[in-house]
Amino acid sequence: MSSSRRLRLPARLAALALPLLASACMVGPDFHGAQAPPAAGYTPEPLRDPEVAAAGAHPSQHAPRQHFVPGADVPGAWWRLFGSKALDALVAEALARNPTLEAADASLRAARESAEAQRGALFPQVAFGGAASYQKAPGGDIQSPLNNNALLYSLATPGVTVSYVPDVFGGTRRAIEAADAQTAIQGWQYEAAVLTLTGNVVAAAIQEASLRGQIAATEKVIAAQTDLLKLITTQSQAGQLAGADVVQQTALLAQSQQTLPPLQRALAQQRNLLTALAGRVPSEEIGQTFTLAGLRLPRNLPVSLPSRLVAQRPDVKAAEAAVQAAGAQVGVALANRLPQFTLSAAGGASATTFAGLLNPAAGLWSVAGAVAQPLFDAGTLFRRQRAAEETLTQAQAQYRATVLTALQNVADALRALQSDGRAVTAANRALEASRESVALVRKQFTAGAVSSASLLITQQAYLQAVISQNQALANQYADTAALFQALGGGWWNRPGPAPRPDPADPAPFL
């Protein structure tokens with residue numbers, strides 16, 4: 001085959017494919033972005049700011065005032081609103097070292113490569129093949145008398161083959177669409193992993209701060225009860241009090257001391273959790289410590305509109321991409337039931353010597369076209385199409401369920417914050433009243449005006465008030481962080497993972 005004729009083969013193949021491509025279509029449902037939910041808000045009534053105090057409460061007993069800002073944007077680094085450099089540093093370390101996030105990033109990169117690999121089906125596949133053999137021809141009566149002395153010979157056959165499957169009905173493009181949707185799902189799952197990780201770090205830090213506050217309060221109460229036990233013991237030895245008073249105070253002190261080890265154990269476990277979130281082993285404990293006094297409560301809280309929430313929540317966006325992937329698979333199943341066209345061409349040479357390959361007479365070539373249409377498969381392809389359609393219905397229902405869950409999460413966080421202000425105010429009032437009661441009863445007890453039983457009751461009430469106040473404040477911090485999580489975490493305001501550069505492939509077209 002002459003070199004000019006070999007060069008004309010791809011052009012002829014392309015000319016043959018153009019009419020098919022010109023009339024190509026894409027079967028199956030086209031994807032359209034999900035519509036925003038019709039809800040205008042998250043609560044039946046207009047959104048109200050968290051209440052901070054009951055009527056008549058002293059200003060010192062008020063909870064920190066917070067305001068909802070409808071329509072405000074969520075910052076990308078929302079955890080910085082808590083005003084803790086230690087927290088900022090720990091979150092940065094977790095984002096850099098946490099293996100779960102690293103795994104999510106690798107899954108995203110794998111999905112990208114798979115989607116790019118799927119695009120190769122749109123192009124012709126070109127391959128080179130060559131064969132060389134040394135053979136013996138039949139001899140004796142079977143061999144022609146003219147060739148009787150040439151029983152052994154060599155044969156070389158190099159050649160190039162080109163095959164192309166035109167995407168007439170869009171099955172390949174639907175498969176590419178499904179692969180792109182899977183890449184989008186992995187991307188949103190990566191953002192969800194970032195949101196979960198940062199939320200867990202903030203929540204764990206707040207819990208540590210709460211435990212440290214409870215431990216400090218319990219130790220303070222134990223110290224006061226120890227001093228009181230010494231006073232009661234002295235008075236009992238002087239005959240001013242009965243021995244039962246000493247026993248009661250000793251029992252109360254033991255009860256308070258009994259509450260301390262569980263709190264210390266919980267704090268140690270919380271430290272282990274924070275260390276693991278930072279990507280460290282327990283023996284390499286983090287250096288940051290957290291207290292409620294070291295955290296600042298964010299005052300202005302953004303509240304995205306429901307129409308924006310569906311575009312901000314990573315889980316909602318992942319569910320939307322799943323709908324697109326399922327719809328594309330319906331198109332693939334439909335295309336598989338339609339005729340499949342294949343174009344192929346081959347060109348090369350065959351000769352008994354390598355030098356003979358240069359002879360134009362040694363050239364060979366072929367051009368072929370084929371079409372295949374399933375006629376009977378016992379309903380296999382139809383059932384696969386029906387399965388794909390039902391999978392699409394399932395994905396659509398799961399998307400609606402995910403949207404409802406997202407709206408519920410925001411509504412729950414808003415309700416929690418609305419009650420947190422009242423809870424903190426009530427806890428502050430109870431703590432202040434309990435503190436004043438302990439001081440007053442202790443003076444009365446020293447003066448002999450009340451019994452030791454009254455003092456024991458007020459001490460126990462004070463310890464409970466201290467713990468309740470600490471927990472109420474920690475809940476307010478935790479619910480604030482939960483609101484930022486429920487709103488999507490502001491991923492759109494921070495850079496996402498950048499695609500890695502393509503590796504240096506010595507043969508990029510193979």
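This is a predicted model: local features need pLDDT of at least 70, side-chain atom pairs count only at pLDDT 80 or more; totals for chains, interfaces and linings use all residues.
Trainee: What distance separates the end C-alpha atoms of helix α6?

Mentor: Helix α6 has 18 residues, and at 1.5 Å a residue these should span 26 Å. The model agrees with that expectation, because the end C-alpha atoms of α6 are apart by 26 Å.

Trainee: Around the axis of α6, how wide an arc do the buried residues cover?

Mentor: The buried residues of α6 are Leu260, Leu263, Leu267, Gln270, Arg271, Leu274, Thr275 and Leu277. They lie on the same side of α6, because the arc they cover around the axis is only 160°.

Trainee: Which helices are included in what covers the buried residues of α6?

Mentor: The buried set to be covered includes Leu263 and Arg271. Its cover includes α2 (85–97), α4 (171–237) and α5 (243–258).

Trainee: Why do the buried residues of α2 line one face of the helix?

Mentor: Those buried residues are Leu87, Leu90, Val91, Glu93 and Ala94. Viewed down the axis of α2, they line one face because they fall within an arc of 160°.

Trainee: Which exposed residues does the face of α2 turned away from its buried side carry?

Mentor: The buried side of α2 packs its buried residues against α4 and α6. Exposed here means over 50% relative accessible area. On the face turned away from that buried side, the exposed residues are Lys85 and Ala96.

Terms used: Residues are numbered from 1 along each chain as its sequence is written. Side-chain values use heavy atoms; hydrogens and water are left out. Helices (H or I, at least four residues) and strands (E, at least two) are DSSP runs, numbered from the N terminus. The expected span of a helix is 1.5 Å times one less than its number of residues. Buried means under 20% relative accessible area, exposed over 50%, partly exposed in between (1.4 Å probe, protein chains only). The arc is that of the directions from the helix axis to the C-beta atoms. Contact means heavy atoms within 4.5 Å.
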